[in-house]
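This report describes one protein model, starting from a single residue and moving out to the ligand shell, a sheet and the overall fold.

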Amino acid sequence: PIYLDYAATTPVDEKVVKKMINYLTINGIFGNSASRSHRFGWVAEEAVDLAREQISNLINSDPREIIFTSGATESNNLAIKGCCDFYKNKGNHIITSNTEHKSVLDTCKYLEQKNFCVTYLNPKKNGIISLKEIKEKIKKNTILISIMYVNNETGTMQNIHEISKICHKNNILFHVDATQAIGKIPINIKQENIDLMSFSAHKIYGPKGIGVLYIKRKPRIRLTPQIHGGNHERGMRSGTLPVHQIIGMGIACKIMKKKMFDEIPYILNLRNILWNGIKNIEEIYLNTNLKNSAPHILNVSFNFVEGESLIMALKNLAIASGSACTSASLEPSYVLKSLGLKDELAHSSIRFSLGRFTTKDEIYYTIEIIHQAIKKLRKLSPLWEM
Ligand code: PLP
């Protein structure tokens, strides 16, 4: 099948793999970066420092603001639980949105059991969260606002710069889950004035199981660690650093920085070809806000087509579906439902996500397959007018 699920994960770049291998075996740099008493440790630490710089270069941060975690899920947990615990005497109210990733939503649900109050904002029909509504929901005891940069199902982008201004005007911390934005939208964390930002290597051609939480140093943001132990990562996240993974993430960021400005228009062009190729299908609904989105995601729904049959008919395409049969839960996508889609349209939704290795030919083939599948399914559908 053709791989169009880059928002789920990406293949590791061959150059990244080559570098990583040098940090595993007896002939390589396998030391523990925390071993201060010998050379094996020193060189490993130097390598980690370099990766921290490469990652910082991609977002314009200070390397000391980068904390390594196991991925964006952990980063989101650490940012939200860690800050809420540390600043609990200042207040107990959090604002987030209903379309966040589960690692944000479930963390907030957990905190609700611990006496925190959470306001879940619904985006407008176009997927954007109203700035006015954010302002209205702020209370005296609001300590944190957590809003994602780019939604993982729709690709729709939030107005991070403006939300940041609102937060800082009201002395509220601002956390951003940028997992789907990194490498797809140029991020200058200093300009955008974000306090905490989560992202992961496996969405940008790096390895799985490694991610970052950016924590601003000026003014210094504090948090309570969620994993205790040997005081690694300035005490904020203990555990021996996975040096090879970190090297992988560093190189992936270095490559991304170099390629991004060519890659973004390349992917955007492919997405335009895809949308233009299918937009004339009858009863197709666009769930991505094309004017305000990352370039790599296109989410559409088809009326009068059953979700499960659609996935079966499209088995030559590796795509994500809003249909319940592809996930553990029976509910169709909560993200699409909170945009106001009825169940049937949420069920029959497809997320195409494009990446570095997607080709024009693959997109042309995809367009053809979609047309064929929809035609066939509608012929069989009793709901489709004859
Ligand atoms: N946040 C968003 C928006 C995501 O798309 C994902 C990955 O699917 C995550 C968080 C979790 O990332 P990780 O797989 O690194 O834990």
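Leaving aside neighbours within four places in sequence, H202 is in contact with T9, T10, P207 and K208 (contact: C-beta atoms, placed from the backbone, within 7 Å). The model is a predicted one, in which local features need pLDDT of at least 70, side-chain atom pairs count only at pLDDT 80 or more, and totals for chains, interfaces and linings use all residues. Residues are numbered from 1 along each chain as its sequence is written.

**Annotated binding positions**

H202 is found in the loop between β7 (196-200) and β8 (211-215); helices (H or I, at least four residues) and strands (E, at least two) are DSSP runs, numbered from the N terminus. An unreviewed UniProt entry gives the feature "binding site" at A72, T73, N152, Q180, S200, A201, H202 and T240. UniProt positions follow the numbering used here, feature names are shortened, and annotations may be inferred rather than shown by experiment. The annotated positions span 169 residues in sequence and their farthest two C-alpha atoms are 30.2 Å apart, so they do not all gather at one spot.

Burial is judged by the number of other C-beta atoms, placed from the backbone, within 10 Å of a residue's own: 20 or more is buried, 12 or fewer exposed, and in between partly exposed. H202 is buried, with 23 such atoms within 10 Å. T240 is exposed, with 12 within 10 Å. T240 lies in the loop between β8 and α8 (243-278) and touches N32 and A34, not counting residues up to four places away in sequence.

**Ligand shell**

The residues around the ligand are G71, A72, T73, H101, S103, M148, N152, D177, T179, Q180, S200 and G211, where near means a C-beta atom, placed from the backbone, within 6 Å. By class this shell has two nonpolar, nine polar and one charged residues. Ala, Val, Leu, Ile, Met, Phe, Trp, Tyr, Cys and Pro count as nonpolar, Asp, Glu, Lys and Arg as charged, and the others, Gly among them, as polar.

**A four-stranded sheet**

An open antiparallel sheet of four strands runs in the order β9-β10-β13-β12. β9 (284-286) and β12 (320-321) are the edge strands, each with a single partner, so one side of each is left without a neighbour in the sheet. Two strands pair if DSSP finds at least two bridges between them.

| Antiparallel pair | Bridges | Residues standing opposite |
|---|---|---|
| β9 and β10 | three bridges | L286 and V300 |
| β10 and β13 | five bridges | I297 and S353 |
| β12 and β13 | two bridges | A320 and R351 |

In β10 (residues 297-302), six of six residues are buried. In a regular strand the side chains alternate between the two faces of the sheet. Both faces of β10 are covered, with I297, N299 and S301 on one side and L298, V300 and F302 on the other.

**Overall fold**

The protein has 12 helices and 13 strands. Along the principal axes, the C-alpha atoms fill a box of roughly 75 × 55 × 35 Å. Buried residues make up 48% of the 386. Of the contacts with a separation of 6 or more, 72% are between residues 24 or more positions apart.

Definitions and conventions: Contact = placed C-beta atoms within 7 Å.
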